[in-house]
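I record what I looked up, in the order in which I looked.

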2 protein chains.
Amino acid sequence: MLSMPASRPYHHGDLRAALLKSAERTLREKGVAALSLRELARDVGVSHAAPGRHFKDKQALLDALALTGYERLLRALGAADAPERPIQERMTRLARAYLGFVIDNPALLELMFARKHEPDTTGPLADAVEETFGSLTHLVADAQERGEIVPGDPERLMMVVASSLHGLAALVAACALSPEEALAGLDEQVHHLLYGVAPR
Amino acid sequence: MLSMPASRPYHHGDLRAALLKSAERTLREKGVAALSLRELARDVGVSHAAPGRHFKDKQALLDALALTGYERLLRALGAADAPERPIQERMTRLARAYLGFVIDNPALLELMFARKHEPDTTGPLADAVEETFGSLTHLVADAQERGEIVPGDPERLMMVVASSLHGLAALVAACALSPEEALAGLDEQVHHLLYGVAPR
DNA sequence: CCCCAAAGTAGGCAGCGCCAACAATGCTGT
DNA sequence: ACAGCATTGTTGGCGCTGCCTACTTTGGGG
């Protein structure tokens with residue numbers, strides 16, 4: 001349904017969602033630096049101060065955007081897992097899903113891991129990060145019970161896994177590694193994560 | 001030598017270096033978002049357009065800043081390596097040096113891996129990234145010759161190592177992991193990188 | 001010694017984020 | 001039914017920013 005230009009109602013209906021949607025598009029197409037509240041308002045067809053009713057400041061909008069990113073990422077990771085399969089396949093699926101997410105939304109991932117929530121160890125964003133790590137920890141603990149991963153503090157082992165996965169994703173997001181190379185080396189990457197790079 | 005306020009010479013002498021130094025300080029203390037060319041000019045005591053003589057635009061200054069970051073990181077990594085020691089110690093030293101760098105310069109690392117040099121596969125910045133990866137590849141190939149790392153494409157194996165190291169660093173820079181936790185788990189991290197997380 | 005390129009200055013422009021004051025709207029209680 | 005009010009959108013303005021152009025100062029090479 002296209003918006004009719006004539007006699008747009010005074011109240012938008014769901015301006016907040018419209019702003020987030022438009023912002024995500026701009027983020028994907030032109031990067032975070034090109035995001036401006038005023039241009040966003042223009043795109044959506046409201047006055048330049050209207051966004052201020054829904055986001056206390058620009059950072060609040062960026063945070064909301066990052067939050068939707070975590071929700072989508074978490075869904076993608078959840079959908080990719082196959083709990084009954086052996087650990088190597090589960091890891092590979094997870095890694096592929098994460099890599100797919102970052103390839104589709106590189107600027108969004110940059111936002112999600114931006115250094116802006118710094119002292120803020122609370123809030124919905126921190127919860128989202130926590131939940132993402134939590135699901136990974138769960139997977140590690142699960143695999144430990146089956147004897148597929150060495151015993152030890154699951155949190156610590158999760159960090160090893162998370163570092164490896166996120167490192168690859170971050171390098172792709174930073175354009176230090178092409179998506180093709182990353183995908184091509186993914187199976188090997190997971191294998192080395194499980195079995196190491198030292199000779200057995 | 002303090003600058004004398006009275007009769008400051010018309011020409012600064014080395015404005016470019018002074019700007020970079022002041023910028024790095026601001027970056028460390030207040031983050032990249034707080035960096036403004038005009039404020040920088042004020043801090044250094046020149047007019048608001050003076051920086052434009054040395055940096056074509058703001059991005060050029062950020063790039064120059066990132067470049068100094070790569071130089072320092074490369075030096076730190078080079079100084080940390082101990083080529084005659086066994087691979088686990090070398091890796092641990094490298095990881096510790098990298099982690100130390102990111103703990104000391106989190107905002108700078110963010111800048112170095114910012115998604116701004118996107119289509120730009122050439123230029124001094126890309127060379128710096130290349131060189132950093134190159135030295136890692138060299139270490140991998142070196143260890144392979146000694147039988148400390150499994151055979152295989154050194155580039156691929158380097159990416160495994162780089163992902164793991166950079167992932168940990170990126171998580172610290174993003175405040176998803178505290179420096180203390182990262183340092184505490186570092187030895188274990190390197191061990192798992194070498195020998196895997198699956199039972200032997 | 002002069003002259004010109006390099007380096008710094010002054011001013012202005014458009015765009016930005018944020019704020020305060022004002023207007024339209026629709027929900028709620030009586 | 002409708003008055004009142006909180007919500008949501010509008011207008012205007014402030015100070016800041018990056019960038020541009022034109023002007024001034026300086027110092028070194030022909």
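Predicted model: local features only at pLDDT ≥ 70, side-chain atom pairs only at ≥ 80, totals over all residues.

Entry 1, secondary structure. Read from the N terminus, the order of elements in chain A is α-α-α-α-α-α-α-α-α. I also noted the extent of the C-alpha trace of chain A, which is about 70 × 35 × 35 Å along its principal axes.

For chain A I read an average pLDDT of 93, and 96% of the residues score at least 70. I then looked at residues 1-6 of chain A, where the pLDDT is below 50. Beyond near neighbours in sequence, this stretch has 2 contacts in the model.

I found chain A divided into domain 1, residues 13-55, and domain 2, residues 57-195. Their C-alpha centres lie 28 Å apart. How many residues does each domain give to the contact? I recorded 11 residues from domain 1 of chain A and 12 residues from domain 2 of chain A. On the domain 1 side, the largest share comes from helix α1 of chain A (residues 15-30), with 6 residues. By class, I listed that side of domain 1 as 8 nonpolar, 1 polar and 2 charged residues.

I next took helix α3 (residues 58-80) and helix α6 (residues 124-145) of chain A. Two packed helices are described by the angle between their axes and the distance between the axes. For this pair, the axes come within 9 Å and cross at roughly 15 degrees. Angles under 35 degrees count as roughly parallel, and α3(A) and α6(A) are therefore roughly parallel to each other. I noted the crossing of α3(A) past α6(A) as left-handed. From α3(A), the contact is made by A:Asp63, A:Ala66, A:Leu67, A:Tyr70, A:Leu73, A:Leu74 and A:Leu77. From α6(A), I listed A:Pro124, A:Leu125, A:Ala128, A:Val129, A:Glu131, A:Thr132 and A:Ser135. By class, this contact of α3(A) with α6(A) has 10 nonpolar, 2 polar and 2 charged residues.

I then examined how α3(A) packs with helix α4 of chain A (residues 87-104). The angle is about 150 degrees and the axes are 9 Å apart. Are α3(A) and α4(A) roughly parallel or antiparallel to each other? Angles over 145 degrees count as roughly antiparallel, and α3(A) and α4(A) are therefore roughly antiparallel. I recorded their crossing as right-handed. A:Leu73, A:Ala76, A:Leu77 and A:Ala80 of α3(A) make this contact with A:Arg93, A:Leu94, A:Arg96, A:Ala97, A:Tyr98 and A:Phe101 of α4(A). I sorted the contact of α3(A) with α4(A) into 8 nonpolar, no polar and 2 charged residues.

I looked up helix α3 (residues 58-80) and helix α4 (residues 87-104) of chain B, whose axes come within 9 Å and cross at roughly 150 degrees. α3(B) and α4(B) are therefore roughly antiparallel to each other. α3(B) passes α4(B) in a right-handed crossing.

Entry 7, the contact between the chains. I counted 42 residues of chain B in contact with 42 residues of chain A. Which elements of chain B give two or more residues to the side that touches chain A? I found α5 (106-112), α7 (154-173) and α9 (186-195) of chain B. Of the elements on this side, α7(B) gives the most, with 13 residues. By class, I recorded the side of chain B that touches chain A as 24 nonpolar, 11 polar and 7 charged residues.

Conventions. Residues numbered from 1 in each chain as written. Chains lettered and ligands numbered in written order. Axes fitted to C-alpha atoms, helices over the stretch in contact; angles between N-to-C directions. Helix = DSSP H or I, 4+ residues; strand = E, 2+ residues; numbered from the N terminus. Parallel < 35°, antiparallel > 145°, perpendicular 65-115°, else oblique. Left-handed = near helix turned anticlockwise from the far one by under 90°. Nonpolar A, V, L, I, M, F, W, Y, C, P; charged D, E, K, R; others polar. pLDDT = per-residue confidence, 0-100. Domains from an automatic or database assignment.
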